[in-house]
Structures are given as C-alpha cells and as structure tokens.
Amino acid sequence: MKTNLFPLLFLASCAQAHTAIDAGNVALEWHTDTNERLQVDGDTTLTVTLKVAGKPLDAAQCRCTLLLYPGAVSPRVRPTVLKTQTDEGGNLNTVITVSKTGAYALVLDGKPLKPNEFVPFRTVLNLTALDDVYNGAKP
C-alpha cells in the first residue's frame, strides 16, 4: 500500500507550532511571536492560553507568576519577574527582553483566585535566545 506522507508531515509541523503542556488539571499552550524563540536585544511577546477540562480559563482568574532564568532554574540565580497582562481573549501575555544568546528557563506558577477552580501548578518552559530570529530580516 503506497501512501502520500506529505499531508501527515504538514499536520505534524502545524501541531508543533505551539507547545502544549499538561500541568495537573490545567493545560497550557504557549507561543512567541518569534518562532518559539527569544530575540536578543529586542522584545519577544509570549502568549499563554490556559484550559481546565478542555475549556478556556480566563488568565484573570489565575494568580500567575512568570519568572525568567538565564540557563536552567537554579536557587543560586535570581530570576527576572515578568509583568503580565490578560488580553481580550483571556490569554496571559508578557514581553520578554534578553541581552544574551543561549538557553533560558521560564517558570510559570499558577494558583486559582476561586478555591477549587483548578489545582495549583508550576511548569518550566525552555526557550532559546538567538541573535538572528528573523534570519537577517528584522522588521
């Protein structure tokens, strides 16, 4: 049986456009405006969508904290606390600015504003900062 794998490869590449993580009974989907990377010496917008039991959770209902570590999470390194806001779609947004290339760890802690709405969670997103996110064509 001969099959065409192109549609499957296309679907696989689309599925990887956003990263989904299960954290207890909360599912998180995140993406950046720079191909899932951080831009060095520029702003990178990170958007996180929260879902509980498959239903969207307005980020305003979550006491969320975002911490950015250069490299891996370490008690010896003081993280940058990122300011967040909730957009009109209920997603959590932040702008990240880094000055060096390399690996970064983004820690997202979430606690419900209403008791028992979801289980508190903590998850780590690993990001990479590159000088040339736009392949030489910066906007």
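Visitor: How many salt bridges does the count come to?

Guide: This is a predicted model, in which local features need pLDDT of at least 70, side-chain atom pairs count only at pLDDT 80 or more, and totals for chains, interfaces and linings use all residues. Residues are numbered from 1 along each chain as its sequence is written, and side-chain values use heavy atoms, leaving out hydrogens and water. A salt bridge is a side-chain nitrogen of Lys or Arg within 4 Å of a carboxyl oxygen of Asp or Glu. By this rule, the count comes to one.

Visitor: Which residue forms a salt bridge with R122, and which strand is that residue in?

Guide: The closest N and O atoms of R122 and D109 are 3.1 Å apart.

Visitor: Is D109 buried or exposed?

Guide: Buried means under 20% relative accessible area, exposed over 50%, and partly exposed in between (1.4 Å probe, protein chains only). The relative accessibility of D109 is 18%, so D109 counts as buried.

Visitor: Which cysteines form a disulfide?

Guide: A disulfide is a pair of cysteine sulfur atoms within 2.5 Å. A search of the whole structure finds one disulfide, with sulfur atoms 2.4 Å apart.

Visitor: What is the handedness of the disulfide of C62 and C64?

Guide: The handedness follows from the torsion about the S-S bond. This torsion is about 105°, so the disulfide is right-handed.
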